[in-house]
Amino acid sequence: MNTNTKLQTDMEKIDMATDIAVIGGGYIGLKAASRISESGYNVILAPQHNDTDLNFSILDVPLTEMDRIKALETEVANNTNVEILPMSTLVEAKGVPGDFTLKFVSADTVLEKKAGAVVVATDTAVNPLNHIYGLNPAPNVVSLSEFENLLASEETKKEIQNNEKTVAFLVGFAHEGSPLLMKRVLNSVSELVGMDGCSAYVYVNNIKVADDGLERLYKQCRDNGTIYFKLQKAPTIIQENENLSVTFHDPVIRNDIELNPDIIVYEESLIADKTNLSLAETLRIDPGPMGFLQKENVHRLPVNSNREGIFVVGSARDVQGLSKSWIDVDNMVLRVKQLIGDGTKSISTKAVVDREKCTICLTCYRCCPHGAISWDDKAIISSLACQGCGICASECPMEAIQLIDFTDAEMTERIKEAAAVEAPNAPKIVAFCCQNSAYEAGMAAKAFNYELPAGLQLIKVPCAGKVDIHYILDALVEGADGVLVLACHHGNCKSESGNTYAQWRINDAYRKLAQIGIEKDCLEFATLASNMANDFARIVIDMEKRIGQKKD
Amino acid sequence: MKAKNVMIIGGGIAGMTAAWELAEAGLNVDLVEKSGFLGGHAIQYTCKATAECLQCGACSVEKMLKDVVGNDKINVLLSTEIENIEKNNGYSIKIKKSAAFIDGKKCTNCGICFDKLKENEVIIQGYSKNNAPLYAVNREKIDENKIALKDVCPEGAISVSDKASYEDLTADAIVVATGFDPFNPERKGTYGYAKFSNVISGLELERIKRQSGFPARPSDGQAAQKIAFIQCVGSRDENLGNLWCSQVCCPYALRTAESLKHKNPDLDITVFYMDIQNTGKSFPEFYETCKNDIRFIRSIPVDIFPAENDNLNMRLFDEAQGTTTMETFDLVVLSIGIMPNSENEKLSTQMDIALDADGFFKNSEGLNKTSTSNDDIFIAGTAQGPKNIAASMAHAGQAASGVLKYLGVTK
Ligand SMILES: Cc1cc2nc3c(=O)[nH]c(=O)nc-3n(C[C@H](O)[C@H](O)[C@H](O)COP(=O)(O)OP(=O)(O)OC[C@H]3O[C@@H](n4cnc5c(N)ncnc54)[C@H](O)[C@@H]3O)c2cc1C
Ligand code: SF4
Ligand code: SF4
Ligand code: SF4
C-alpha cells in the first residue's frame with residue numbers, strides 16, 4: 001500500500017498490476033484487448049451483453065473489412081494473454097491506478113480481479129425515432145436499420161427491386177443527427193438508386209457531410225437520380241395503411257409539394273449504451289452529455305476520464321464509428337504504456353496528508369475531482385492518481401493537506417513578496433494565475449509587450465482551486481490594492497471544478513470584506529485561456545483603472 | 001540497444017503530437033518543420049469561449065507546443081525541408097536547411113532584429129510565446145536582406161550563408177504530418193477578397209481576434225458591428241472540383257460568432273450556409289443558443305459589392321417573403337476550408353506513397369487512416385484529409401501507436 005506520511009520523501013516507487021481490464025466485448029472492446037496484449041500486457045475482457053451482435057452498418061464498417069473484423073473474435077478467443085470473463089456486470093471498483101480491485105457479478109458468481117488500468121469500451125445503441133414523426137412502424141414504414149436489413153437480404157432486396165419501389169428517407173428533423181447516420185442513409189440511398197426502377201427522395205434538414213468521402217457520396221447519389229428536399233422543418237406525413245403521403249411547402253415556388261412514396265424510412269439516433277451510467281457510478285468517473293462517458297473538456301481528449309488509469313474509448317465516449325473508435329483504442333494503448341510501463345515506476349508525490357491533523361472528515365475524498373483519495377484510518381492520496389490541483393488542500397478544514405510544490409508556507413511567502421513590490425504611482429495588483437491558463441496568458445502578454453500595469457505581480461498556482469481565501473485576504477492585508485483570481489474558462493478546468501471552487505471562495509471573500517467595510521472593487525474573479533494574452537491584458541488594465549481612480 | 005529514431009515531417013499540431021507521444025515512449029524524434037515556427041495553422045487561433053469554454057481546442061495546441069519545446073528527446077529542426085529520402089534498412093534522409101535562420105540556442109528573444117528590420121519584413125514574430133525562438137527569418141525576403149541580416153543580431157544568432165545547407169539523417173520510421181493549405185479566397189473572385197479590405201478569411205479573423213480580442217476591421221481598426229459569415233468557401237464546391245466538406249469551418253464560424261457576441265451582445269451576426277455541421281456532443285444545445293443569437297440564412301451569396309465607408313453589400317433571399325433584398329455589412333468573413341497541401345505531390349513521389357482523388361495522402365487500409373503502402377511510413381492529421389484539432393491529435397496518436405507497433409516497442 002502506498003501510504004503518504006509526513007516523513008515521506010518526494011519520490012515514491014510503486015509496483016503496479018500489469019493486467020488491464022477491458023469492459024465491453026464488442027468490436028471496440030475486442031480491438032482494445034488485442035492491441036493491449038500486443039503491447040505486452042495481459043487483458044481481462046468483460047463483455048457486457050451480446051456486444052458483437054451489433055449491426056455492422058451502425059459501426060460504419062466497410063464491406064471489404066468485414067472478414068478481418070470478424071476474425072478479431074477468434075483472435076481474441078485464442079489469445080492466451082486475454083482472459084475472457086463470462087457476461088457480467090461490474091458492481092464494485094476500488095483502489096487506485098496500478099492497483100484497482102474490480103468485482104464482477106455473473107449469474108450468481110462473483111469474480112474479483114486486480115487490474116492496473118480499466119478501459120471502458122461499451123457499444124452504442126440504436127433508438128428509432130418514428131414517434132417524433134407520429135409514424136407507426138409498418139411493413140412500408142421502417143427504421144433505417146430495418147431498411148438496411150431489407151437491402152442486406154437477397155430476397156427482400158429483390159422484392160423492392162421488382163416492385164420498383166419509391167422510398168422516402170426522413171433525416172435530421174427528429175434530431176440533428178451525425179455524419180455517421182448520414183453515411184448510413186447515403187449508403188442505402190446509393191444502393192437503392194442503383195436498382196433499376198427504384199427511386200429515392202431524401203427529406204433532410206442539415207446534411208451532415210463532415211466526414212471523409214461523404215460530400216462525394218452525397219453528390220454521387222444526386223447524380224444517380226436521388227432527389228433531395230432540403231427543409232428547415234419536417235414535412236407533413238400522412239400514414240393510412242398502404243397509403244403514404246409526404247408534403248412540404250416550397251418557399252421559392254410558393255407551393256405545397258406532395259409525394260406518395262411506397263416506403264418511408266425514418267431516422268434513428270445512436271445513443272449511449274444503457275450500462276454507461278451505472279459504470280460511471282461504480283468507477284466514479286464523470287458522465288458527459290447524453291449518457292456518454294466523457295465530459296466535454298479538451299483536457300480529457302482523446303481517451304481520458306477524470307480519473308487516471310480509467311480510460312474511455314470509442315462509442316463509450318461519443319457517437320463514433322469503428323474507424324474513429326479504433327483511433328481511440330490506439331491512443332488508449334499509449335496512455336496505458338505511459339501509466340503502467342513495465343509495472344514499476346518512481347513518481348514524485350504532489351500532495352501529502354499530515355496524518356496527525358487529519359480527522360478523517362472525508363472532505364478531501366468528496367472534493368477531489370480525480371478520485372485520487374481513499375482512506376485507511378486517515379486520508380490517503382494516490383501519487384499516481386493525484387494531478388496536484390490542490391483543491392483538497394484548500395478545502396480541508398484541518399489544513400492537513402499540503403502540496404509539495406505549493407505549500408502554504410511558501411505561498412504565504414510568495415504573497416508577501418508580491419505585495420511588497422512597490423511601483424511608483426501605480427496601484428499594486430496581485431494576480432493569482434492558474435498555471436494552465438492565466439499564467440501562460442500573462443507570460444504571453446509580457447512576451448508580446450502588451451501594456452500591463454506597472455504594479456502587477458503574478459503568482460502561479462497549480463489550479464485556481466488552490467487559491468485559499470486566506471491567500472486573498474493575506475494579499476490585501478500585506479498591501480495589495482487589488483487582487484485578481486484568474487482561472488480557466490468553465491468547462492476547461494483540467495480539474496473540472498477548480499474554477500468553481502475559486503469562484504465560491506471569492507464570493508465568500510466578498511462577504512468577509514463587506515463585513516469590514518471594504519468594497520468589492522479590489523477583488524475580481526475572471527476566466528481566461530492560455531492563448532489569450534489580449535484578454536489577460538484587458539482584465540488587469542481594467543482593474544488598474546478601477547482601483548487607480550479610487551486611490552486618486 | 002540503441003533507441004530507435006523516428007522522423008516526423010511537419011510541426012503542426014499533428015506532427016507535434018506524434019513527436020511527443022513517441023518521445024514519451026522513449027524514442028528519439030527528429031521533427032522537421034519547413035517554416036520558422038512550430039504549431040502549424042492552429043497555433044494562430046483565438047480562444048472561442050463565451051461564459052464557458054466552447055471546446056474549440058485552440059488552447060490544446062498551445063499546451064502541446066510547450067510540451068514539445070520542453071522535451072529533450074525531440075530534436076526540432078526549423079526552417080528545414082526534405083531534400084531526398086532513400087530507403088535502405090530504414091531511411092536515409094537528406095534535409096535542407098534554409099540559407100538564413102535564427103539559431104535557437106543563441107537567440108535570447110530580445111526582438112532587436114524584429115524591431116530594427118521591421119520595414120524590410122524579413123523577420124517575423126511567432127504567434128505563441130512558446131515558439132522558440134520567438135522570431136524567424138522570412139524565407140521570401142532572404143535574398144535582398146542578407147547583409148542587413150548578418151549584422152543585426154547582437155548575439156550573433158542569425159546564421160546567413162550563400163546557399164542552403166544540407167545534412168544527412170537516418171530514421172527507422174517516418175510520420176508525414178505536413179498538414180493542409182487554407183483555401184485561397186482570391187479564387188472566388190466575386191467575393192472581392194484582397195480587393196475590399198473588410199472581406200477577410202476565417203483565418204484572418206482567428207488572428208485578429210487573438211491579437212486584439214474584438215473583430216477589428218482591417219480598413220479602420222474599428223470594431224465591426226454587423227458581420228456576415230459565408231460558409232463553405234472553397235469546400236463542397238463542384239465548380240472547383242472540391243468534393244469534400246472541410247469539417248472545421250461550421251464549428252469555427254459558429255464558435256467565433258458566439259464568442260464575439262458574448263463580448264458584445266449588440267453585435268449583429270448573419271451566417272450564410274448550405275448545411276450546418278456539428279461541433280461535438282453538445283451540439284444540439286449549442287445550436288439552439290446559436291439560433292437565438294445569430295441569423296441563419298440558408299443560401300450562399302454569389303457576389304459582394306462595395307458600399308460606402310468600406311462596407312459591403314450582399315443580396316439575400318428572404319424565405320418568408322420569397323423576395324430578394326440588398327443588405328449592408330461592415331465586415332464579411334469567408335469561412336475558408338482545408339485544401340490539400342500543394343507540396344503533397346512532391347512528397348508522395350519522394351516517399352513513394354499514394355495520394356487520394358482529392359490530393360490528400362491516401363490510407364492503404366480501410367479502417368486505419370494512418371496506414372500507407374510503406375509499412376514504415378504513417379500519415380497524421382490533415383495531411384490525410386480535413387480534421388479539427390482534436391481529431392488531428394487523436395489521428396497523430398494512432399500514427400505514433402502504429403510506429404511503436406511497427407518498431408516492436410512494447411511496454
Ligand atoms: C480558418 C480555420 C480555422 C480553424 N479553426 C479551428 C478550430 O477552432 N478548432 C479546431 O479544432 N480546428 C480548427 N481548424 C482546423 C485546424 O487548423 C486543423 O485541424 C489543424 O491545424 C491540423 O493540424 P495539422 O498538423 O494536420 O496541419 P497544419 O496546421 O497545416 O500543420 C502542418 C505543418 O507542417 C508544415 N509543413 C508543411 N509542408 C511541409 C514540408 N514539406 N516539410 C516540412 N514541414 C512542412 C507546415 O509548415 C505546418 O507547420 C481551423 C482551420 C481553418 C482553416
Ligand atoms: S491535489 Fe487535487 S488531484 Fe490531488 S488529491 Fe488533492 S484534489 Fe485530488
Ligand atoms: S474555447 Fe477553445 S481556446 Fe478557449 S478555453 Fe475552450 S478550448 Fe481553449
Ligand atoms: S464545415 Fe460547414 S462550412 Fe465547412 S465545408 Fe462543411 S458545411 Fe461547409
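In which helix of chain A do Arg511(A) and Asp508(A) both lie? Both belong to helix H14 (residues 498-515) of chain A, where they stand three residues apart, about one turn of the helix. The model described here is predicted: local features need pLDDT of at least 70, side-chain atom pairs count only at pLDDT 80 or more, and totals for chains, interfaces and linings use all residues. Residues are numbered from 1 along each chain as its sequence is written, chains are lettered from A and ligands numbered from 1 in the order in which they are written, and side-chain values use heavy atoms, with hydrogens and water left out.

**Chain A as a whole**

- Chain A contains 15 helices and 28 strands; helices (H or I, at least four residues) and strands (E, at least two) are DSSP runs, numbered from the N terminus.
- The C-alpha trace of chain A spans about 90 × 65 × 40 Å along its principal axes.
- Of its 552 residues, 58% count as buried, where buried means under 20% relative accessible area, exposed over 50%, and partly exposed in between (1.4 Å probe, protein chains only).
- In chain A, 71% of the contacts with a separation of 6 or more join residues 24 or more positions apart; contact means heavy atoms within 4.5 Å.

**The interface between chain B and chain A**

- The contact draws on 76 residues from chain B and 74 residues from chain A.
- The two chains bury about 6,000 Å² between them, 49% of it on carbon and sulfur atoms; buried area is the accessible area (1.4 Å probe) that two parts lose on being put together, summed over both.
- On the chain B side, Lys281(B), Leu367(B) and Lys411(B) lose the most area to chain A, together 16% of what that side buries.
- Between chain B and chain A there are 11 salt bridges, a salt bridge being a side-chain nitrogen of Lys or Arg within 4 Å of a carboxyl oxygen of Asp or Glu.

- Arg335(A) lies in helix H8 (residues 322-340) of chain A.
- Its side chain meets that of Glu21(B) in a salt bridge (2.8 Å, N to O).
- Arg335(A) is buried, with a relative accessible area of 11%.
- Leaving aside neighbours within four places in sequence, Arg335(A) is in contact with Val303(A), Asn304(A), Phe311(A), Trp20(B) and Glu21(B).

**Further salt bridges**

- The whole structure holds 55 salt bridges over all chains.
- In helix H14 of chain A, the side chains of Arg511(A) and Asp508(A) meet in a salt bridge (3.5 Å, N to O), and Asp508(A) is partly exposed at 29% relative accessible area.
- Asp168(B) and Lys94(B) form a salt bridge through their side chains (3.8 Å, N to O).
- This pair links distant parts of the chain, with Asp168(B) in strand S10 (residues 165-171) and Lys94(B) in strand S5 (residues 91-97) of chain B, 74 residues apart.
- Asp168(B) is exposed, with a relative accessible area of 57%, whereas Lys94(B) is partly exposed at 32%.
- Lys291(B) forms a salt bridge with Glu288(B), their closest N and O atoms being 3.4 Å apart, and both residues lie in helix H7 of chain B.
- A network of salt bridges links Glu215(A), Lys219(A), Lys230(A), Arg236(B), Asp275(B) and Arg298(B).
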